[in-house]
Amino acid sequence: MMKIKKVEFFGINGVGKSHSEGVLRNILNLKKINIIGRREAIVFHGHKVIELSLLDKITLTYFKLIEKFKKNKLKKKKIVYSGVKKYKKNIGLLNFFRRRYNNICKKIYIDYCKKNKSIKKIINKIIIIQNKKDQDLFKNWIYEMFAANYIIDRIKINSKDTIYLCDEGFLQRSFLIMYSNIAY
């Protein structure tokens, strides 16, 4: 089976990467081509690369529901949100599942690093030099980015009908990490 095709958009903030991604998604959907994004890779296929606890499975099910809601929202194009008060009531639950999701990404990243030890050393050095305030955000971003890419490289899907749309620019950001002054 061939590897899944990967599509990324490169560029600085504000040049239209997200807009271009949306246009491409619409075109691919019309052609009935399956699109897997970063979160979709983790949520729908994470169980294929690591052992998950019951709480991990519940967490991924929670995010599967969110992903399905997002797809339905895109199909309907007009959904009125019922207000901020409802959101604030659920923020504790959302934070709980967000932390669990980040932990799952970290587990997958650690599995990836077992075979790629040099990457782990570089990433750890880069994390250490971040502001304390930004370290958790940076770690979560790195874990999710590497986890999704690792999953896409390992899962077996009909690659002819599937495209991995890496919305965060895995290659672009990996090059920044790999060729930073920290790496040497």
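Student: How many residues does the largest nonpolar core have, and which of them have the most contacts inside it?

Tutor: Bear in mind that this is a predicted model. Its largest nonpolar core has 38 residues, and those with the most contacts inside that core are Ile42, Ile108, Ile142 and Phe146. At least two core residues come from each of α2, α3 (54-76), α5 (91-115), α6 (117-129), α7 (132-154) and β3 (162-166).

Student: Which element supplies the largest share of this core?

Tutor: That is α7, from which eleven residues of the core come. As general background, nonpolar side chains in soluble globular proteins tend to be buried together.

Student: Let's go to helix α2, then; is it mostly covered or mostly open?

Tutor: Helix α2, which spans residues 38-45, is mostly covered, with seven of its eight residues buried.

Student: What does Glu40 form a salt bridge with?

Tutor: Its partner is Arg25, and the closest N and O atoms of the two are 4.0 Å apart. Because Glu40 lies in helix α2 and Arg25 in helix α1 (residues 17-30), the pair ties together parts that are 15 residues apart in sequence. Arg25 is partly exposed, with a relative accessible area of 21%.

Student: And how many salt bridges are there in the whole structure?

Tutor: A search of the whole structure finds ten. One of them brings together the side chains of Lys6 and Asp153, at 2.7 Å from N to O; since Lys6 lies in strand β1 (residues 5-8) and Asp153 in helix α7, this pair ties together parts that are 147 residues apart in sequence. Lys6 counts as partly exposed at 37% relative accessibility, and Asp153 counts as partly exposed at 36%.

Student: What about Arg154, which residue does that form a salt bridge with?

Tutor: Arg154 forms one with Asp111, where the closest N and O atoms are 3.5 Å apart. Arg154 lies in helix α7 and Asp111 in helix α5, so parts that are 43 residues apart in sequence are tied together by the pair. Arg154 is partly exposed at 38% relative accessibility, whereas Asp111 is buried, with a relative accessible area of 17%.

Student: Which residues do salt bridges that share partners join into one network?

Tutor: Glu21, Arg25 and Glu40 are joined in that way.

Student: Changing topic, is Arg100 buried or exposed, and why?

Tutor: Arg100 has a place in helix α5, and it counts as buried because its relative accessibility is 17%, where the cut-off for buried is under 20%. The side chains of Arg100 and Asp56 are joined by a polar contact of 2.5 Å. Leaving aside its neighbours within four places in sequence, Arg100 is in contact with Ser53, Leu55, Asp56 and Thr59.

Conventions:
Residues numbered from 1 in each chain as written. Predicted model: local features only at pLDDT ≥ 70, side-chain atom pairs only at ≥ 80, totals over all residues. Heavy atoms only, no water. Buried < 20%, exposed > 50% of the residue type's maximum accessible area, 1.4 Å probe, protein only. Helix = DSSP H or I, 4+ residues; strand = E, 2+ residues; numbered from the N terminus. Core = buried A, V, L, I, M, F, W, Y, C linked by side-chain atoms within 4.5 Å. Polar contact = N/O pair within 3.5 Å; in protein donor to acceptor, adjacent residues only side chain to side chain. Contact = heavy atoms within 4.5 Å.
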